[in-house]
Amino acid sequence: MHFKRSFNTVGVHCAGETCDVIVGGVRDVPGKTMYEKMMYMWNNHDELRNLLLNEPRGCSAMCHNLLLPPCSPEADIGFIIMEHEEYPPMSGANTIATATCLLETGIIPMQEPETVVKLDAPAGLVTVYAECSDGKCKSVRFHNVPAFVFALDKDVSVPGLGTVKVDIVYSGMIFVLVDAASVGIKIKSSNGARIVEVGERIKQAVAEQADPSHPDNPAIRGVTILEFTDPAVNHKDGKAALNTVVVSPGRLDRSPCGTGTCARLAVLHARGQLAEDEPLYHYGITGTQFIGRIHGTTKVGEYDAVYPSVTGSAWITSFKQVVLDPTDPFPEGLRVGDVWKMDSGE
């Protein structure tokens, strides 16, 4: 049978978050950096993201990772992260899932007890340390790009909520962090719809009242993601905290969020509440855990920054061949407002 497009993908979830990996069916694209390759995909081939992430092939709680040749001479492989509303420069859960896929499928040879993989992400080079045993990638620790705080306790006027204090942080994405209790939010799954509605409202208000940009790459600018937090408390040999991250177009990250964990590390360190190498046991709305640590400090432009790492695990769930029939009436998929929290466009 003739198909217009065909892709080979590996189904992976990281701590509950669906982070599938495209391993075949897409050629390399132009770009001297992975960021340039990401922007080329966004500007010229966004139909791929729509086809894979929209219904009926995808769902609202899903990401995809596209493997490409790296641009950095230090990297083993490059990857581009695709979410429903954007191509984020970096994602922690997707990094853990991609590394697990690469090692467990043999794309990159697995070494026991530890395999070091260097991934070329649009945000920069990310080093991964994978704990491996009996052919299984047991856990992945990735060392992210430096994370830093743009603003602490910034007052933002939010319709229906009044003045809300937010932190604005870069950790591979530009996050807004909000204390959940300060806006009457209790972080639990049954409150999911309310959490999303309030989170999107605050995020939109921040986007209208602040325009942060990365000092080394001004094209990375504006807030795109929001994290609700509970206070960090003493736990084991470090701190523990609950969080949930609101991802557009209106859903919650199923994992504790890797870049969100890095953002929390930066904020806690800036407030003097977390020391270098002190673990942060970070929990998400499904009860899964990442462990974050700070491995030193640096400067990014004028900002004090930290070197963060996050440890988590991922599991392969499927091997799929995704196809597009030339007569399919939805060549880029479809969205309906009941789940997607948006106008269907019809």
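Pro 113 sits in the loop between α3 and β5 (114-121). Helices (H or I, at least four residues) and strands (E, at least two) are DSSP runs, numbered from the N terminus. This is a predicted model: local features need pLDDT of at least 70, side-chain atom pairs count only at pLDDT 80 or more, and totals for chains, interfaces and linings use all residues. Residues are numbered from 1 along each chain as its sequence is written, and side-chain values use heavy atoms, with hydrogens and water left out.

**Backbone features**

- A cis peptide bond also runs from Ser 248 to Pro 249, with omega near 15 degrees.
- Pro 249 lies in the loop between β13 (238-247) and β14 (251-252).
- Lys 236 is not a glycine, yet its phi is positive, near 50 degrees.
- Lys 236 belongs to the loop between β12 (233-235) and β13.
- Lys 236 counts as exposed because its relative accessibility is 67% (buried means under 20% relative accessible area, exposed over 50%, partly exposed in between, with a 1.4 Å probe and protein chains only).
- Asp 277, also not a glycine, has a positive phi of about 70 degrees.
- The loop between α5 and β15 (280-283) holds Asp 277.
- Asp 277 is partly exposed, at 48% relative accessibility.

**The cavity**

- The structure holds 1 cavity of 30 Å³ or more (on a 1 Å grid over the protein atoms alone, a set of points where a 1.4 Å probe fits but cannot get out; lining residues have an atom within 4 Å of a point).
- The largest cavity has a volume of about 80 Å³ (the space filled by probe spheres set on the points, which are joined across faces, edges and corners).
- Of its 15 lining residues, the closest to the centre are Glu 83, Ser 91, Asn 94, Asp 253 and Cys 257.
- Two elements, α3 (92-104) and α5 (258-270), each give two or more residues to the lining.
- The largest share, 3 residues, comes from α3.

**Listed positions**

- UniProt, in an unreviewed entry, lists Ser 91 and Cys 257 for "active site" (annotations may be inferred rather than shown by experiment).
- They are spread over 167 residues of sequence but cluster in space, with a largest C-alpha distance of 7.9 Å.
- Ser 91 and Cys 257 are both part of the lining of the largest cavity.
- Ser 91 is found in the loop between β4 (77-82) and α3.
- Ser 91 is buried, at 7% relative accessible area.
- Neighbours within four places in sequence aside, Ser 91 is in contact with Ile 81, Glu 83 and Thr 259 (heavy atoms within 4.5 Å).

Key
On a 1 Å grid over the protein atoms alone, a cavity is a set of points where a 1.4 Å probe fits but cannot get out, and a pocket is an open set with protein on both sides within 12 Å along at least five of seven lines; lining residues have an atom within 4 Å of a point.
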